[in-house]
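Try each task before reading its solution.

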Amino acid sequence: MNNTLSEKTLRYNDKGNVHMDFHGATNTTIEFIIKKYGVNIMNDIFKKVGNNVYADIKKHIQSGNIEMLAKHWKHFFDREGADYSISIEKDEIILTVKRCTAYEHVKKLVGAVSPNFCDQTIKTNEAIAEGTPYEITTEILGEASCKQIIRKRL
Amino acid sequence: MIPSDHFTRFYNEVFKFLEKQGEEDLENYWLEISKNQEKHTLELFKEKGLAGMYEYWDHIRIEENCDLDLKLEPNKLELKMNVCPSLSKVQDNDAEPMKRYCDHCAGWIGPIIDKVGYHLVYDVIDRKKPQCVLKIFKDKEESLKEEKNAKLLMGWPGKKL
């Protein structure tokens with residue numbers, strides 16, 4: 001296993017305090033959009049996030065540099081205090097989230113988390129990898145826990 | 001997950017979709033966000049009035065890394081946003097910013113301030129610049145006078161300009 005990453009910087013490299021309540025607004029947004037417009041529209045919005053907001057990570061993956069995604073995951077899961085492990089190989093990265101603090105924070109705020117809350121991860125990941133030689137799969141392991149894998153398409 | 005640091009860029013995508021559906025769709029969303037924000041504000045604002053509002057935005061100032069000045073007076077709270085991190089992130093974005101991104105702020109704050117019986121004057125100044133001035137008055141007449149000084153006055157669902 002090689003968990004060291006190159007020095008290339010992230011496109012969005014946030015510092016300072018973390019406002020976890022934004023996850024509550026994400027949960028509200030998911031419920032609002034699905035109720036009014038349906039799950040396909042919500043997924044289309046996540047697809048736009050993956051393709052456009054994360055265009056830089058997508059560009060790196062397209063050129064075979066999947067390390068940037070690992071760097072992105074590490075940076076933000078560290079900032080949010082999640083419990084996770086990551087295995088980084090040349091053509092495969094496995095991120096195992098044992099305790100997702102975003103999910104837990106929303107649960108604390110509203111009690112019942114949207115059943116589609118994790119679609120933000122699943123659909124955004126799919127869009128980031130779309131049209132590249134790689135795929136990103138997201139397996140929900142249980143409440144606030146998932147496994148995200150990027151590997152070469154077969 | 002979409003990191004909390006990137007929420008505003010996700011928000012921006014939601015706004016662009018809703019704007020295409022129409023003004024009412026956008027306003028309904030702001031009202032939903034407003035309802036969500038009531039969890040963090042309503043009791044505090046009802047119980048402590050302007051001092052509660054000061055408390056809330058002082059917490060936001062720290063947690064959202066805002067460069068802002070807050071001034072509490074007996075009958076008025078003034079918030080001067082010098083560098084808004086929300087619009088700054090939307091502008092520092094590989095996706096296109098929604099041109100009326102700033103409107104959402106009055107869109108969710110206005111209905112809460114109406115609900116607690118205070119009077120909001122929201123001057124966005126210029127939608128392309130990450131700065132604005134928000135003033136909340138106890139007295140309605142004072143707020144109406146202040147509206148005349150605004151460079152780009154915002155309305156919200158419940159207050160059409």
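**Exercise 1.** Work out which hand the crossing of H2(A) and H1(B) has.

*Solution.* Step one: the crossing of H2(A) and H1(B) is right-handed, meaning that the near helix is turned clockwise from the far one by less than a right angle. Step two: find the contact, where C-beta atoms placed from the backbone lie within 7 Å. H2(A) brings A:Ile45, A:Lys48, A:Val49 and A:Val53, while H1(B) supplies B:Arg9, B:Phe10, B:Glu13, B:Val14 and B:Phe17.

A note on the source: this is a predicted model, where local features need pLDDT of at least 70, side-chain atom pairs count only at pLDDT 80 or more, and totals for chains, interfaces and linings use all residues. Residues are numbered from 1 along each chain as its sequence is written, with chains lettered from A and ligands numbered from 1 in the order in which they are written.

**Exercise 2.** Find the angle at which helix H2 of chain A and helix H1 of chain B pack, and classify it.

*Solution.* Step one: residues 39-53 of chain A and residues 7-21 of chain B form these helices, packed at about 125° with axes 10 Å apart. Step two: angles under 35 degrees are roughly parallel, over 145 roughly antiparallel, 65 to 115 roughly perpendicular and the rest oblique. The pair H2(A) and H1(B) is therefore oblique.

**Exercise 3.** How confident is the predictor in the complex?

*Solution.* The complex receives an ipTM of 0.95 and a pTM of 0.95.

Notes: Axes fitted to C-alpha atoms, helices over the stretch in contact; angles between N-to-C directions. Helix = DSSP H or I, 4+ residues; strand = E, 2+ residues; numbered from the N terminus. Contact = placed C-beta atoms within 7 Å.
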